[in-house]
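Reader: I am new to reading protein models. Could you take me through this one in short steps?

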Amino acid sequence: MSILAGNCKCTYTLALVGLSVCGFLLSLYTSYVELRAEHDHTYQAMCDISERISCTKVFTSRYGRGFGIIGPLLGDDSLLNVPNGFYGIFYYFLVAGLSFSNNLAVSRLTSYLILLSNGLSLYLAYLLYFVLQDMCVVCVTTYAVNLVSLILALQKIQALIREEQVMRALKVGKAK
């Protein structure tokens with residue numbers, strides 16, 4: 001049973017790290033597109049498919065920096081009012097690093113971070129669809145990465161708990 005749980009944990013770890021790499025690359029691309037569009041107003045990104053399907057429109061909107069929250073709260077010149085992609089780069093790097101741990105407390109922390117990112121994804125999806133009335137392929141892909149990451153993080157926690165229970169049962173059995 002422990003060997004299966006070990007393989008399962010490894011699979012979840014690799015999948016979480018792989019998704020974090022995808023999220024990292026998406027965030028890097030997001031940041032590149034936003035910064036490039038700010039300096040070159042004629043720039044058209046690969047993800048700009050039509051007037052209603054445009055990631056550049058989303059990334060350069062007022063919600064593309066500091067999630068549309070930090071600017072109004074701390075000012076547009078705040079050091080925290082950076083492109084959302086910068087936050088994503090840091091976040092996915094952090095999640096990838098934490099995912100290597102098989103410690104239950106660290107895995108729970110990782111799942112809380114991923115849960116928070118899913119909440120932020122819901123907020124950004126609302127803005128995308130209802131406020132900006134746009135479709136952003138990169139954004140939606142990022143939301144999917146976050147959702148699948150949450151599912152895997154929760155499954156990893158379940159595997160860690162099962163392994164812990166088995167180890168406790170084995171100790172009790174040996175003590176008798």
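Reader: Is tyrosine 87 buried, exposed or partly exposed?

Author: This is a predicted model, where local features need pLDDT of at least 70, side-chain atom pairs count only at pLDDT 80 or more, and totals for chains, interfaces and linings use all residues. Residues are numbered from 1 along each chain as its sequence is written, and side-chain values use heavy atoms, with hydrogens and water left out. Buried means under 20% relative accessible area, exposed over 50%, and partly exposed in between (1.4 Å probe, protein chains only). Tyrosine 87 has a relative accessible area of 25%, so the residue is partly exposed.

Reader: How many aromatic pairs does a search of the whole structure find?

Author: Rings of Phe, Tyr and Trp (its six-membered ring) pair if their centres lie within 6.5 Å. Planes under 30 degrees apart count as stacked, over 60 as edge-to-face and the rest as tilted. Searching the whole structure gives this number of aromatic pairs: five.

Reader: What type of aromatic pair do phenylalanine 67 and tyrosine 87 form?

Author: The distance from centre to centre is 5.2 Å. The planes of phenylalanine 67 and tyrosine 87 are 40 degrees apart, and the pair is tilted.

Reader: How many residues apart in sequence are the parts that this pair ties together?

Author: Helices are DSSP runs (H or I, at least four residues), numbered from the N terminus. Phenylalanine 67 lies in the loop between helix 2 (55–59) and helix 3 (70–74), and tyrosine 87 lies in helix 4 (residues 84–99). The pair therefore ties together parts whose separation in sequence is 20 residues.

Reader: Is phenylalanine 67 buried or exposed?

Author: Look at its relative accessible area. For phenylalanine 67 the value is 15%, so the residue is buried.

Reader: At what angle do helix 4 and helix 5 pack?

Author: Axes are lines fitted to C-alpha atoms, for helices over the stretch in contact, and angles run from 0 to 180 degrees between N-to-C directions. The axes of helix 4 and helix 5 are 10 Å apart. The packing angle is about 155 degrees.

Reader: Are helix 4 and helix 5 roughly parallel or roughly antiparallel?

Author: Angles under 35 degrees count as roughly parallel, over 145 as roughly antiparallel, 65 to 115 as roughly perpendicular and the rest as oblique. Helix 4 and helix 5 pack at about 155 degrees. They are therefore roughly antiparallel.

Reader: Which residues of helix 4 make the contact with helix 5?

Author: Contact means heavy atoms within 4.5 Å. On the helix 5 side, the residues include Val106, Leu109 and Thr110. On the helix 4 side, they are Asn84, Tyr91, Leu94, Val95, Leu98 and Ser99.

Reader: Is serine 99 buried or exposed?

Author: The place of serine 99 is in helix 4. Among the residues that serine 99 touches, leaving out those up to four places away in sequence, are Thr13, Leu16 and Lys156. Its relative accessibility is 2%, so serine 99 counts as buried.

Reader: How far apart in space are glycine 64 and threonine 30?

Author: Glycine 64 lies in the loop between helix 2 and helix 3, while threonine 30 is in helix 1 (residues 2–39). Glycine 64 is buried at 6%, and threonine 30 is buried at 11%. In sequence, glycine 64 and threonine 30 are 34 residues apart. In space, C-alpha to C-alpha, the distance is 9.4 Å.

Definitions and conventions. Helices (H or I, at least four residues) and strands (E, at least two) are DSSP runs, numbered from the N terminus.
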